[in-house]
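Subject: Structure for your review

Dear colleague,

Please find the structure below, followed by a summary of what was found in it.

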Amino acid sequence: MTSTTQHAPSPVLSSGPADISAAPAGPRPDPVRALLRDHHALCAGAVDPLEIAAGLEAHGVTDRTAADCGHRDVFSLAEELHARVERGGPPAVAGHVPPAAGGACPARPGGGGVLGALAGLWLLGYGLFGDALRRGHRLPGAHALAAGAAPTALALACAVAPAAWCAHAFAGYARRRLTGSRSLAEFHGRVRRALLASVTVFLGVLCACVALARSALPAAGAAAPPALAAVALGSLLFLAGLCTAHGTARPARAACLAACAAEAVPLAALLAARLPGCSALDRPVTWLTDAHGPAVVPLVACAVPAFALLVHAVTVLPRAAVHGRGDLPTASAAHPSEEHAP
């Protein structure tokens with residue numbers, strides 16, 4: 001008997017060229033190193049990671065950017081930058097760093113300009129003499145004007161030193177927390193509480209100054225609305241000065257201008273009502289002052305912008321970038337085409 005041996009066909013091996021499209025093209029660029037290159041002067045001059053985090057926050061670096069670099073937040077990224085920066089190398093070229101898309105430039109102390117100064121003068125003048133200007137068709141004499149303005153002027157003058165102390169204490173506390181906090185969230189919480197405490201202390205001192213001034217100079221009367229108007233004016237000026245000192249002069253100027261407009265419009269309506277055929281223009285202002293007193297106009301005009309400015313301050317002033325060191329140079333952003341050897 002003849003046996004037939006069957007063999008399974010052997011698999012055919014492909015000898016064609018291997019597909020290399022899925023092979024990695026090379027090592028992935030280090031995003032932390034690119035960030036370190038762009039902000040070298042900031043990282044080299046910082047005394048702790050939180051200062052680097054404040055600078056990165058000012059230049060628009062967010063937690064999403066930190067996540068792209070493999071970190072949970074900006075502070076963790078700043079710790080790596082602080083550890084990796086070379087402080088013995090040549091310094092980077094000093095200049096201004098344009099913020100990233102959607103970011104904001106670091107705040108720096110700045111004045112309110114001529115417009116802000118004029119707005120402050122108007123608020124002070126209206127707070128001192130506005131009540132007398134709204135009464136009747138005749139202006140009172142110089143003695144009556146001085147007697148009516150004396151309590152408010154004395155109260156505001158006595159509140160200048162406490163306002164400066166509260167602002168200085170808040171700024172000093174924020175600078176100390178900048179080097180003592182362990183994260184940006186901790187810094188934000190502590191500085192926000194310190195800000196609210198400073199505003200509360202100043203309001204308490206201002207109320208005491210107004211009460212003492214009106215007790216010492218009782219000739220102008222002791223009704224509650226004028227006293228509240230003086231408190232509202234002092235609060236607006238304090239918050240405007242605090243925001244301006246920390247580099248946010250534009251909202252402070254806008255709040256003061258809004259208060260000036262709210263005071264000027266009723267006064268203009270009263271003056272225009274004296275023209276022939278325009279007597280109806282002063283009816284809304286007359287109804288408001290007859291129902292709530294003559295000081296309701298400066299009270300509302302200053303209290304509403306002051307509250308809006310307080311909300312802005314609570315939102316902006318706790319940011320670490322606002323309290324960053326102003327003596328540190330900032331690195332100019334490197335051009336994307338520049339190559340740096342490892």
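Helix 11 (residues 249-272) and helix 13 (residues 296-316) pack with their axes 9 Å apart, at an angle of about 165 degrees. Axes are lines fitted to C-alpha atoms, for helices over the stretch in contact, and angles run from 0 to 180 degrees between N-to-C directions. Helices are DSSP runs (H or I, at least four residues), numbered from the N terminus, and strands are runs of E of at least two. The two helices, helix 11 and helix 13, are therefore roughly antiparallel, a term for angles over 145 degrees.

Helix 11 contributes Pro-251, Ala-252, Ala-255, Ala-258, Ala-259, Ala-262, Glu-263 and Pro-266 to the contact, and helix 13 contributes Val-297, Pro-298, Ala-301, Cys-302, Pro-305, Leu-309 and His-312; contact means heavy atoms within 4.5 Å.

The model is predicted: local features need pLDDT of at least 70, side-chain atom pairs count only at pLDDT 80 or more, and totals for chains, interfaces and linings use all residues. Residues are numbered from 1 along each chain as its sequence is written, and side-chain values use heavy atoms, with hydrogens and water left out.

As for the whole protein, there are 13 helices and zero strands. Of its 342 residues, 36% are buried (under 20% relative accessible area, with a 1.4 Å probe and protein chains only). Among contacts between residues at least 6 apart in sequence, 79% join residues at least 24 apart. The accessible surface is about 19300 Å², with 65% belonging to carbon and sulfur atoms; areas come from the Shrake-Rupley method with a 1.4 Å probe.

Yours sincerely

Terms used: Parallel < 35°, antiparallel > 145°, perpendicular 65-115°, else oblique. Buried < 20%, exposed > 50% of the residue type's maximum accessible area, 1.4 Å probe, protein only.
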